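Please look over the sequence and the model below before reading on.

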There are 4 protein chains.
Amino acid sequence: MHFASDNSGPAHPEVMESLLRANAGYAMPYGKSDLDAEAQGKLREVFEAPEAAVHFVATGTAANSIILATLCAPFETVFCSDVAHIHEDECNAPEFFSGGAKLTLVPHENGKITPEALRAVVSAEESRGVHGPQRGPVSITQASEKGTVYTLAEIRAISEVCREFGLPLHMDGARFANACARLGCTAAEMSWKSGVDALSFGGTKNGLMGVEAAVLFGPAKAWELELRRKRGAHLFSKNRYLSAQMLPYLSNDLWLHSAAKANERCAELTRGLSQIAGTRMAFQPEANILFAHLPRAVHKALHEAGAQYYLWSGELEGEDPREPLLARMVCDWSIPREKVAAFVDIARAADPG
Amino acid sequence: MHFASDNSGPAHPEVMESLLRANAGYAMPYGKSDLDAEAQGKLREVFEAPEAAVHFVATGTAANSIILATLCAPFETVFCSDVAHIHEDECNAPEFFSGGAKLTLVPHENGKITPEALRAVVSAEESRGVHGPQRGPVSITQASEKGTVYTLAEIRAISEVCREFGLPLHMDGARFANACARLGCTAAEMSWKSGVDALSFGGTKNGLMGVEAAVLFGPAKAWELELRRKRGAHLFSKNRYLSAQMLPYLSNDLWLHSAAKANERCAELTRGLSQIAGTRMAFQPEANILFAHLPRAVHKALHEAGAQYYLWSGELEGEDPREPLLARMVCDWSIPREKVAAFVDIARAADPG
Amino acid sequence: MHFASDNSGPAHPEVMESLLRANAGYAMPYGKSDLDAEAQGKLREVFEAPEAAVHFVATGTAANSIILATLCAPFETVFCSDVAHIHEDECNAPEFFSGGAKLTLVPHENGKITPEALRAVVSAEESRGVHGPQRGPVSITQASEKGTVYTLAEIRAISEVCREFGLPLHMDGARFANACARLGCTAAEMSWKSGVDALSFGGTKNGLMGVEAAVLFGPAKAWELELRRKRGAHLFSKNRYLSAQMLPYLSNDLWLHSAAKANERCAELTRGLSQIAGTRMAFQPEANILFAHLPRAVHKALHEAGAQYYLWSGELEGEDPREPLLARMVCDWSIPREKVAAFVDIARAADPG
Amino acid sequence: MHFASDNSGPAHPEVMESLLRANAGYAMPYGKSDLDAEAQGKLREVFEAPEAAVHFVATGTAANSIILATLCAPFETVFCSDVAHIHEDECNAPEFFSGGAKLTLVPHENGKITPEALRAVVSAEESRGVHGPQRGPVSITQASEKGTVYTLAEIRAISEVCREFGLPLHMDGARFANACARLGCTAAEMSWKSGVDALSFGGTKNGLMGVEAAVLFGPAKAWELELRRKRGAHLFSKNRYLSAQMLPYLSNDLWLHSAAKANERCAELTRGLSQIAGTRMAFQPEANILFAHLPRAVHKALHEAGAQYYLWSGELEGEDPREPLLARMVCDWSIPREKVAAFVDIARAADPG
């Protein structure tokens, strides 16, 4: 019952098979092999973006930081939500890669920023001329860190604010697949067709060992992106092993099917927990992440049964025992339906309500 | 006949098997799994360094840059050879990760720096007080970029210069294994026992898909190293896949056996080419890299036979046809003896002498 | 009637005379002249801090950024108020000089941060281990950007939070003199005796042409501070001209007397405006800055009379005419009492109430 | 007898008078006063460059670093001589301001780089694609650090190499005035008319207290230059005091007359020392700097007479007494002719030859 994170599970068998196949003979290094070209081409095809600059890196932080550094001058500021991964979980990597840019926080609603809040914050940054940071890119996370999903209309509305102020729009798509599966739209619709200029396209949380794609939909800064990847120490000599993961992932909709499975498990978990009297969802789960307020007895029972997930706030000991705990649970593509059911059963049995 | 680089060949079968084994079930992310601890422990054991800080990253540039940034303040300078990988092939990554430190070049002899040259350059940096950069770490490459190997006495002599000036000594060990196999010494002898304070321990060029270890032999800056790895976007969520490569590599001397094979192939290649009248070694090959001046006819024949290697200077067309070309050939652990023999046969047959 | 800023007025005549005196003959450059030593010594004497590292720079942004870079590793975050000058008005200079550190904002109350708010924000930054930025220095502004002044007890309470978490405390003292004059305490009491570790000691806003002192009360990082000043391009070759300003400033309490005059003018302005029906102070003015909500008719009359100050929000045209405007007025040491009286007279005459 | 540096002497009386005049009444801060506009306009007029971006900073390191950061991406390298001030004397400031760019050294001849040497070094930087740094700006120092002066033809020849490779040309003109006076050409001829794109125009070494101009002759990056100045902590609130120095300096050719005087004193010094048997010029002095090999007895006598200059190599004690010492002498605009004569007399009297 492992719900700690979608980076705890195994890689997909098709990915491992592809790796084994790629491990034969010799190949040009540094992304110049046929396999590299094939995987990049496949991503362009899936996104209907034949001109996109596409480069593979090994961590989401790398994808986000290298893209943002390419889009953001060091005297500018990135607009993002106050719970954005780039703000909370990357140990200043965006500030580092950009050479000292700032992050300006937009208060989130349900894990997402609204066009209104964005416009207010961007507007407020305007009056200081040379004294304040200049306005730089806007970054949104899809699916969000709170497990919610921007609708296409919401993305478009945000991109309109960006266009109004002449700012590029970046999407942190560590869980792009989960959001796309949820919306039932195409990859293009959820990205450049809705005004997204640059994308961190995640694979690691959805069945790869460790590959993300840094994508610029326009070709203007393609070479700079490559240089920043190299300078950022993310140009792999044996890049073919990244491509060997990304290629099957993008083929036959594996990325979408895997994400859909994770979303389904999360929906089952949501339904199960929602029927428990003392349990309450903190956000409406729309992808594969669930935040729930749990009665302490429920958490205790789950914990003793070996279930794994993070407490987001509260502690089992030493606090008001009537206060519920806030737990985050994440479903991986590989979680079996039975594990979800078993988890819910334990929770239900322990419910004091 | 693939001699372009030791990053063109496959990963070792034992490494792939270990990856498959690691791909079962769930594991704590971000380097907190049992497998991670085991692989780190194994490296400490191999190096007889129970207190060493050990972290895995995916590229040699990352290992070098993160270590150097940990050792070098931004107002200092790194002393390295004028053909060092950190100077020539990392697109300013050391300058980037360190926040703007300088690299001060020491003229190489046969790819290596001498204690005398180092002392002269370090001394010359002394007279400018606050105006010049301050002296920072010394970095040497073992085996060197020219295929030569520092003896233990040479390393110790350099470390004495470091100690004299109070400077830490870093070893870029992208081909540490090849050098260690050549010298027939222990890993500890070739590193901390000879005065090396920090090591980039390579795996990628010797049979891994993409793993290097960043090692600080003293524990003082262990936490800073971790933070700089994270900030440098090289903390893998699924770190277990790096550990799964490093563990078999370090077990049963696989790292040494693989390197020894590569060295042997290079020695065979050296012997074969040396018997060809017009061919001359540019440096004495001591590990798995060979630089040779080739007659144009020899290069032409090899090229037409599909042999792959880089020309370091000269071009086939448009130059004085009597001038030899300078070629670099690198042997991978996986190169079969027969391929080397076939290569030499072609070269010999084409020799105009 | 110039109330736009305390950086609009002239330098004090004693300062100009000192400059003229200093402009005779030859002096060692780069801060090595007798005059430099004398001015540094004078500052140490005034602060009763014989071991303090003291260096002069030309802008407040330089003093803040060089100090913060010395105190804050690039993977750390600086805690400051959400209206701090270092956050709003330095175009990312602290992020730049620190190599990419973050600023974490503490909500202000009346321009100041409270120990409670600081503790809450610092505590919240604790749970992410290597993923979040590490806790770095705390920076407070005295007098604050809103014209309020921390009491000694308030500074001490903040420094206790710092000590609890092991964080250094920086004071942006661009208007240190105004605050010190207000509190009637010694420079030492308002700084290191209350737990302040580092100080940007302002002169430019209080009668100098352009000199601030970067002060570390402990000697541990004195040399690093010098190197960061040089690397930050703020080591003046003709440093004697900075010292020639600072020396008379610190002599015979000129700094305090000038600040006291500015404070008095501001108090007169406050009293005058407070008697006008529609006018309301946004913050309680305690030094030489005043924020007032003005009826539009009052602003219009002042504007037409040529009075200069900044509107902080609202515009004369195109808004609800019943809404008051928010204006900031700053008194310089040189503002004559008559100008304040004239200003108040115009405002009173225009008051619609 | 103060020949240590041209930053040891006083500011010109006209400059001080201008400062006193500027110190009346109130002025808009941050470079928005009438005086600021006047001084910027004057510089554009002197350079016949009505579109130039012109900003004043307080140190030469600031001018160089802010300009180079504007011209050089962090993944590029600056080409400069191996004795360039930006390489040797700025404590990594160019690396810092540029976000980690590299400096690639071109061997100097008589303190200057030749078009041939530049072309060779720039060409050698070409073969590494994404692995090496990309080619960035070329920077030359006029007059050079060795006291020599590029002819207009030499500057043009270098700018042709720049144009060939598409690289911008920066001139470190800390002693621009001395070189211009030497050549007897116009400021425009020695800069943009000869292909210079950006200029650090020095004032501090030629009679100002501390002002340099950062000049971009093309307007394309004017706003970025301003932002980098602010972020680099060199936007003065009381900028009028910089302008008040620069305005008289540029009026009535004061800058040229002062430099010509310094050059004349240096020529007298050169003539005088050249007549001494054991003394030999290390470089041909063409501006106001002189490097001379001095017999030890001569140095001893000068030293005992209180003459001030730097020994560039050698020490009075503990070396082979027959070896001459290398001394650098610099003439300031303010050095009286009699002091030069007295200096020469002492030297001549002590000459053992």
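What follows is a walk through the predicted model, from its interfaces to its salt bridges.

This is a predicted model, in which local features need pLDDT of at least 70 and side-chain atom pairs count only at pLDDT 80 or more, while totals for chains, interfaces and linings use all residues. Residues are numbered from 1 along each chain as its sequence is written, chains are lettered from A and ligands numbered from 1 in the order in which they are written, and side-chain values use heavy atoms, with hydrogens and water left out.

Begin with chains A and B, where 50 residues of chain B are in contact with 50 residues of chain A, contact meaning heavy atoms within 4.5 Å. The size of an interface is often given as the accessible area lost when the parts come together. Here the buried area, which is the accessible area (1.4 Å probe) that two parts lose on being put together, summed over both, is about 4400 Å², and carbon and sulfur atoms give 61% of that area. On the chain B side, Tyr26(B), Phe96(B) and Lys238(B) lose the most area to chain A, and together they account for 18% of what that side buries.

Between chain B and chain A the rule finds 0 salt bridges, a salt bridge being a side-chain nitrogen of Lys or Arg within 4 Å of a carboxyl oxygen of Asp or Glu. The elements that give two or more residues to the chain B side are helices H1 (13-22), H3 (60-71), H5 (93-97), H9 (222-231) and H10 (240-250) of chain B, where helices (H or I, at least four residues) and strands (E, at least two) are DSSP runs numbered from the N terminus.

The side chain of His234(B) reaches the backbone oxygen of Ala233(A) at 2.8 Å, and a polar contact of 3.1 Å joins the side chains of His234(B) and His234(A). Beyond its neighbours within four places in sequence, the contacts of His234(B) include Gly232(A), Phe56(B), Ile66(B) and Arg229(B).

Turn next to chains A and C, whose contact takes 23 residues from chain A and 22 residues from chain C. The area buried between chain A and chain C is about 1700 Å², of which carbon and sulfur atoms give 40%. In chain A, Asn92(A), Lys102(A) and Arg128(A) lose the most area to chain C, together 34% of what that side buries. Across this interface of chain A and chain C the rule finds 6 salt bridges; among them is the pair of Asp89(C) and Arg128(A), whose closest N and O atoms are 2.7 Å apart. The rule also finds 16 residue pairs in polar contact between chain A and chain C, both residues at pLDDT 80 or more.

Over all chains, the structure holds 60 salt bridges. Side chains of opposite charge can pair when their charged atoms come close. Glu95(B) and Lys102(D) meet in a salt bridge (2.7 Å, N to O), and because Glu95(B) lies in helix H5 of chain B and Lys102(D) in strand E3 (residues 102-106) of chain D, the pair joins two chains. Both Glu95(B) and Lys102(D) are buried.

Within chain D, the side chains of Glu264(D) and Arg337(D) meet in a salt bridge at 4.0 Å, N to O. Glu264(D) lies in helix H11 (residues 254-274) and Arg337(D) in helix H13 (residues 337-350) of chain D, so this pair ties together parts that are 73 residues apart in sequence. Glu264(D) is partly exposed, at 38% relative accessibility, and Arg337(D) is partly exposed with a relative accessible area of 46%. A salt bridge of 3.0 Å, N to O, also pairs Glu268(D) with Arg265(D), and both of these residues, Glu268(D) and Arg265(D), are buried.

Terms used:
A polar contact is a pair of N or O atoms within 3.5 Å; within protein, one must be able to donate a hydrogen and the other to accept it, and residues adjacent in sequence count only if both atoms are side-chain atoms. Buried means under 20% relative accessible area, exposed over 50%, partly exposed in between (1.4 Å probe, protein chains only).
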